[in-house]
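Dear colleague,

Please find the structure below, handed over together with the sequence.

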Amino acid sequence: SHVMLCQRFIKSVGVSPFYGNFNQYSGVASHPVEVMNGVSGMNEEQIAGFNLVSEGIVPYLFKMVLPAFRKIASADTQYLTDHISVDADDHAAAMIAAVEDMIDHGADIGAIMEGMHLSGRTALSIPDALYAKYLRGAYA
């Protein structure tokens with residue numbers, strides 16, 4: 001399953017998938033938890049914008065970081081390669097259509113843009129945290 005592929009990938013690069021005290025088990029995991037807590041307080045338009053950018057950027061982001069993860073002997077990169085091959089067109093196109101429909105029905109474009117902004121910042125912060133973990137040893 002998609003969830004199991006993700007779990008296998010993060011375990012293979014040394015990040016614990018334990019959904020409990022993230023600070024105790026994984027130094028890079030506290031930021032995503034904070035982001036997800038923030039997303040839970042968003043309205044529908046903000047979530048639509050967040051998902052639009054997430055679905056559109058993920059295949060390209062994964063394509064950029066894949067060579068680095070392939071250098072980690074233990075890394076199971078199937079999660080990344082599956083997203084690169086499957087998500088590039090289907091997911092983003094579906095979200096574009098959904099957001100366009102929301103706008104056609106009077107959705108607040110500013111709120112959509114707020115969600116897009118948060119998603120982009122979040123997506124770009126994750127490789128930075130992994131860079132810190134592996135190249136600088138900040139979480140060792």
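Is Ile109 buried, partly exposed or exposed? With a relative accessible area of 46%, Ile109 is partly exposed, because buried means under 20% relative accessible area, exposed means over 50%, and partly exposed is what lies in between (1.4 Å probe, protein chains only).

Before going further, please note that this is a predicted model, in which local features need pLDDT of at least 70 and side-chain atom pairs count only at pLDDT 80 or more, while totals for chains, interfaces and linings use all residues. Residues are numbered from 1 along each chain as its sequence is written, and side-chain values use heavy atoms, with hydrogens and water left out.

As to the overall fold, the protein chain has 7 helices and 0 strands, where helices (H or I, at least four residues) and strands (E, at least two) are DSSP runs numbered from the N terminus. Of its 140 residues, 37% count as buried. Among contacts (heavy atoms within 4.5 Å) with a separation of 6 or more, 68% are between residues 24 or more positions apart. The accessible surface comes to about 8400 Å², of which carbon and sulfur atoms hold 59%; such areas come from the Shrake-Rupley method with a 1.4 Å probe, and for residues only the protein chains shown count as cover.

Returning to Ile109, this residue is found in helix α7 (residues 109–136), and together with Ile103 and Met113 it makes a nonpolar surface patch of about 260 Å². Patches are made of residues with over 30% relative accessible area and no salt bridge, like charges being joined within 9 Å and nonpolar side chains (Val, Leu, Ile, Met, Phe, Trp, Tyr) within 5 Å.

The interior is described by nonpolar cores, that is, sets of buried Ala, Val, Leu, Ile, Met, Phe, Trp, Tyr and Cys residues joined through side-chain atoms within 4.5 Å. The largest has 14 residues, and those with the most contacts inside it include Phe9, Val13 and Ile72. Helices α1, α4 and α5 each supply at least two residues of this core, and α4 gives the most, with 5 residues. A second, separate core of 7 residues includes Leu52, Val99, Met102 and Ala107.

The structure also holds 1 aromatic pair, counted when ring centres of Phe, Tyr and Trp (its six-membered ring) lie within 6.5 Å, with planes under 30 degrees apart called stacked, over 60 edge-to-face and the rest tilted. The rings of Phe62 and Tyr79 have their centres 5.8 Å apart and their planes at 50°, so the pair is tilted. Phe62 lies in helix α4 and Tyr79 in helix α5, 17 residues apart, and both are buried.

Side chains of opposite charge can pair when their charged atoms come close. Here the count comes to 1 salt bridge, defined as a side-chain nitrogen of Lys or Arg within 4 Å of a carboxyl oxygen of Asp or Glu, and it is formed by the side chains of Arg8 and Asp76 (2.5 Å, N to O). Arg8 lies in helix α1 and Asp76 in the loop between α4 (44–70) and α5 (78–87), so the pair ties together parts that are 68 residues apart in sequence.

With best regards
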